[in-house]
Amino acid sequence: MKNFDENDIQYQTAKKQVEQLRGFYTHLFIYLGVNLIIVYYNYTNLEPGESYFQFKNFFTATFWGIGILAHAASVFLPRTRLIKKWEEKKIKELMDQQKKY
């Protein structure tokens, strides 16, 4: 196995991407687990003849799902030029501040 220089920019970029992916997959796993528990609870507490397909049974999954989609977009969609340019400018600004101290 090749040793990587932790100060290498490519290494740092790849490490950041892996951390973002891990964060997304953790979020997704928790979302699925919690919503499975909610589905089970809601299903077992239905009144006789009551339909499961009511908004109250999908409230958490719907709104948390919107958050999951936003998280997925931030991880998987390519960054726009404007965002990259802002990030580069901010990095330079912070590095310049650190040099002063």
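Start with the largest pocket, which is lined by 17 residues. Thr 13, Lys 16, Gln 17, Arg 79 and Glu 87 are the ones that lie nearest its centre. The largest share comes from H1, with seven residues. If you sort the lining by type, you get seven nonpolar, five polar and five charged residues. (Ala, Val, Leu, Ile, Met, Phe, Trp, Tyr, Cys and Pro count as nonpolar, Asp, Glu, Lys and Arg as charged, and the others, Gly among them, as polar.)

Before going on, a word about what you're looking at. This is a predicted model, where local features need pLDDT of at least 70 and side-chain atom pairs count only at pLDDT 80 or more, while totals for chains, interfaces and linings use all residues. Residues are numbered from 1 along each chain as its sequence is written, and side-chain values use heavy atoms, with hydrogens and water left out.

How much space lies in the largest pocket? About 630 Å³. Rolling a probe the size of a water molecule over the atoms shows where empty space is left. Here a pocket is an open set of points on a 1 Å grid over the protein atoms alone, where a 1.4 Å probe fits, with protein on both sides within 12 Å along at least five of seven lines; lining residues have an atom within 4 Å of a point. The volume is the space filled by probe spheres set on the points, which are joined across faces, edges and corners.

Now for the helices themselves (DSSP runs of H or I, at least four residues, numbered from the N terminus). Helix H1 covers residues 9-44 and helix H2 covers residues 55-76; their axes come within 10 Å and cross at roughly 170°. Those axes are lines fitted to C-alpha atoms over the stretch in contact, and angles run from 0 to 180 degrees between N-to-C directions. H1 and H2 are therefore roughly antiparallel to each other, a label for angles over 145 degrees. The residues of their contact divide into 14 nonpolar, ten polar and no charged.

Next, look for charged partners. Side chains of opposite charge can pair when their charged atoms come close. A salt bridge is a side-chain nitrogen of Lys or Arg within 4 Å of a carboxyl oxygen of Asp or Glu, and a search of the whole structure finds three. In one of them, Glu 50 pairs with Lys 56, and the closest N and O atoms are 3.7 Å apart. Glu 50 counts as partly exposed at 26% relative accessibility, whereas Lys 56 is exposed at 56%. (Buried means under 20% relative accessible area, exposed over 50%, and partly exposed in between, using a 1.4 Å probe and protein chains only.)

Helix H3 is the place to look next. Lys 90 and Glu 93 both lie there, three residues apart, about one turn of the helix, and their salt bridge has its closest N and O atoms 3.2 Å apart. Lys 90 is partly exposed, with a relative accessible area of 31%, and Glu 93 is partly exposed too, with 34%. Asp 96 and Lys 92 also sit in helix H3, four residues apart, again about one turn; their side chains meet in a salt bridge at 3.1 Å, N to O. Asp 96 is partly exposed at 32%, while Lys 92 is exposed at 52%.

Is Tyr 52 buried or exposed? At 13% relative accessibility, Tyr 52 counts as buried. Tyr 52 lies in the loop between H1 and H2, and its C-alpha atom is 9.2 Å from that of Val 39, 13 residues away along the chain. Phe 29, in helix H1, counts as exposed at 65%. The C-alpha atoms of Phe 29 and Trp 64 are separated by 12 Å, although these residues are 35 apart along the chain. Tyr 25 also belongs to helix H1 and is partly exposed at 47%. Tyr 25 and Tyr 41 are 16 residues apart in sequence and 24 Å apart in space, C-alpha to C-alpha.

Note on methods. Helices (H or I, at least four residues) and strands (E, at least two) are DSSP runs, numbered from the N terminus. Angles under 35 degrees count as roughly parallel, over 145 as roughly antiparallel, 65 to 115 as roughly perpendicular and the rest as oblique.
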